[in-house]
Amino acid sequence: MVLALSGCSQGEDTQARPAPSLGPGADPSTWTLPMLAYRPTQQQDKSIATAETRLVRQCMKGFGVDWEPEPDLPQIGPKNLLDWRYGIHDPELTAKRGYQPDAAQEARYSAAVRDRSTRPALSVDTQVVLGGTDMPADVLDRASTEVRHGTSAGRKLPPGGCFGEARRNLGSATHGVSPLVQKLTNASYGESQNDPQVKTVFTRWSACMRARGFTYAAPMEANDNPRFRPHPGGIAQLEISTALADLTCRDTYKVAEVWHEAETRIQRGYIQQNAAALAEDRRTLQGVVRTASEVNARA
């Protein structure tokens, strides 16, 4: 989920807000983490994506192609990076769906995927104009001679095609999320699970689950159980029973709160250790956001 994040603005302090109790109505999607200060907000990400689409469309018109992107797929599952980061938390949804997303969301998403599959495929030449001549050989081999040699409509293709040109103009191929920011965001999640306080609440959670007849060492083992996947027979009662027990045990020992606090501490340490590099990444992100705003304003 590099995508659709609800982070803090670029001027905000990197200190995370305290995690509220997971009582009735609690919403972990409103929590934050220090590293979110180095990623685009949900609104900024949308602006960057819109600008990228406009730049690609403009480039494609130069090659005589009226290009439109695939429609965005509707949201399914977590709202942002933090919503389900520490596991399920919605008692009402859990009682109906276990570990699965909302049924209406799932139906809309599946319908959109089916609709995509019925749309005409882009021609190979168009794919190469979009992505450039460094595409896989099996694609290039099916392209026209002209396009294979790096031109179309008498014009030279830009490196990386129209997407490459658009991303260079924006200043980022990853919507302003640097490799370092992505690496540290992923690393803190894994490291936080080895935090002594987190391991303690995991042990208590596991004992709580065992008392209810379920054997799991850590919360995400239950969440990620391959038995609990959508299938034609619907959601089994075992999944719902497991998920409800999971939710009760999480809340009893404040698993999400303790885990979030540990990851917050770890990310603060990362920011101190990588201050210069992260400051440069933030400046790059600010530049991408500014350029995207200018592109959209001109449109």
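Predicted model: local features only at pLDDT ≥ 70, side-chain atom pairs only at ≥ 80, totals over all residues.
Colleague: Why is helix 4 called roughly parallel to helix 7?

Modeller: Helix 4 (residues 124-131) and helix 7 (residues 161-170) pack at an angle of about 20°. Angles under 35 degrees count as roughly parallel. Therefore helix 4 is roughly parallel to helix 7. Their axes lie 2 Å apart.

Colleague: Which residues make the contact of helix 4 and helix 7?

Modeller: Helix 4 brings V128, V129, L130 and G131. Helix 7 brings G161, C162 and F163.

Colleague: How do the residues of that contact divide into nonpolar, polar and charged?

Modeller: There are 5 nonpolar, 2 polar and no charged residues. Gly counts as polar here.

Colleague: Which residues of helix 7 are buried, and what covers them?

Modeller: G161, C162, G164, A166 and L170 are buried. The cover includes helix 1 (42-61), helix 4 and helix 13 (275-298). Just after helix 7, G171 takes a positive phi of about 95°.

Colleague: What makes H175 count as buried?

Modeller: H175 has 15% relative accessibility. Buried means under 20%, so H175 counts as buried. H175 sits in the loop between helix 7 and helix 8 (179-192). Its phi is positive, about 55°, although H175 is not a glycine.

Colleague: Why does K254 count as partly exposed?

Modeller: The value for K254 is 30% relative accessibility. Buried means under 20%, exposed means over 50%, and partly exposed is in between. So K254 counts as partly exposed. K254 also has a positive phi, about 50°, and is not a glycine. Look for K254 in the loop between helix 11 (237-252) and helix 12 (255-273).

Colleague: Which residues touch the most other members of the largest nonpolar core?

Modeller: That core has 29 residues. Y86, F202, W205, M209, Y216 and W259 touch the most other members. Two or more residues each come from helix 9 (196-211), helix 10 (219-223), helix 11 and helix 12. Helix 9 gives the largest share, 6 residues.

Colleague: What does F202 touch, not counting residues up to four places away in sequence?

Modeller: F202 touches Q193, A217, A218, P219, V255 and W259.

Colleague: Which residues are among the other core?

Modeller: Another core, of 26 residues, lies apart from the largest one. Among its members are A51, L55, V124 and V128. V128 also takes part in the contact of helix 4 with helix 7.

Notes. Residues numbered from 1 in each chain as written. Heavy atoms only, no water. Axes fitted to C-alpha atoms, helices over the stretch in contact; angles between N-to-C directions. Helix = DSSP H or I, 4+ residues; strand = E, 2+ residues; numbered from the N terminus. Parallel < 35°, antiparallel > 145°, perpendicular 65-115°, else oblique. Contact = heavy atoms within 4.5 Å. Buried < 20%, exposed > 50% of the residue type's maximum accessible area, 1.4 Å probe, protein only. Core = buried A, V, L, I, M, F, W, Y, C linked by side-chain atoms within 4.5 Å.
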